[in-house]
Amino acid sequence: MSAAGPPAPVLSLVGIVVRRHGVAVLDGVDWEVGPGERWVVLGPNGSGKTTLLAVAGARLWPTAGRVEVLGERLGRVDVRSLRPRIALVSGSVTRQLRDDLPARDVVVSGTRGELETWWHRYEASEWERADALLEQAGMGAIAHRPFGVISEGERQQVLLARALIARPELLLLDEPAAGLDLGARERLVGQLGALASDPAGPPVVLVTHHTEEIPTHFTHAALIRSGALVASGPIQQTLTSAGVSACFGTEVTVGCTRGRWWTRAG
């Protein structure tokens, strides 16, 4: 019997180009995410990070190139069946949710990727899972509070619970710690670190500007600048002072202490 080959990638992008108004937002991106990998994508503003995540999540068709997600190729699959298998946490989701929707309802609506609970009748077990995820995140006390009045940090924890309720096969996080104060950021990063440490958890791709927002147990990193991946691979080999300095166009020192990354100028 022949030995089994390497596992198929969860995400495969080949020669990806995205043009808007004649400008290449992504330009010739080749990238693979394997099973069990936890990736961080770092880059300056306008480098194409959010566009890359939209392509990876089957929310945006590239101008050119091949996209395969969870064994399906874009253009050959009904994305209505593919998208529920991919969880996306981003500001775009926040803007689509009603402010007066209770936090608990926000979470349970993620079971089928919907925005309103009245679109579907939920089972008692689904409400119980929503409650359990909120409790796990330390958000049980706000379950019945309107989404629009809870703090930004609480919203991000609710959105993470919403993303996890459907047990996704791929989790995409677009700057989830943006705008959070120190305490809220650390609580969220801690939750993500716990998720990354779970072998049964889904592959994760986290987009951020800051090394300090990288949770523990992340395995890989990619650096993106002007729409191109300038480096990618195992995190310890990729997040070097020279590499990050070149990516952001400023001299920095990068280090890692007890699993947490940091950056200093000069």
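The model is predicted, so to speak of local features we need pLDDT of at least 70, and side-chain atom pairs count only at pLDDT 80 or more, while totals for chains, interfaces and linings use all residues. Residues are numbered from 1 along each chain as its sequence is written, and side-chain values use heavy atoms, with hydrogens and water left out.

Let me start with the helices. Helices here are DSSP runs of H or I with at least four residues, strands are runs of E with at least two, and both are numbered from the N terminus. Helix α6, residues 152–164, packs with helix α7, residues 182–197, at an angle of about 20°, and the axes are 9 Å apart. Axes are lines fitted to C-alpha atoms, for helices over the stretch in contact, and angles run from 0 to 180 degrees between N-to-C directions. α6 and α7 are therefore roughly parallel to each other, the term for angles under 35 degrees.

Which residues in α6 meet α7? They are Gly-153, Gln-156, Gln-157, Leu-160 and Leu-164, and their partners in α7 include Leu-188, Leu-192 and Leu-195. Contact means heavy atoms within 4.5 Å.

Now the pockets. On a 1 Å grid over the protein atoms alone, a pocket is an open set of points with protein on both sides within 12 Å along at least five of seven lines, a cavity is a set where a 1.4 Å probe fits but cannot get out, and lining residues have an atom within 4 Å of a point. Grid points are joined across faces, edges and corners, and a volume is the space filled by probe spheres set on the points.

The largest pocket has a volume of about 620 Å³. It is lined by 24 residues, of which Arg-59, Ile-86, Leu-88, Val-93 and Arg-162 are the closest to its centre. Helix α3 gives the most to this lining, four residues.

The second largest pocket comes to about 320 Å³. Among its 17 lining residues, Arg-129, Leu-133, Gln-136, Leu-164 and Leu-195 are the closest to the centre. Here α6 supplies the largest share, four residues.

How many cavities of 30 Å³ or more does the structure hold? One. The largest cavity has about 30 Å³ of space, and its lining is Pro-176, Ala-177, Leu-188, Val-189, Leu-192, Leu-206 and Glu-213. α7 gives the most to that lining, with three residues.

Terms used: Parallel < 35°, antiparallel > 145°, perpendicular 65-115°, else oblique.
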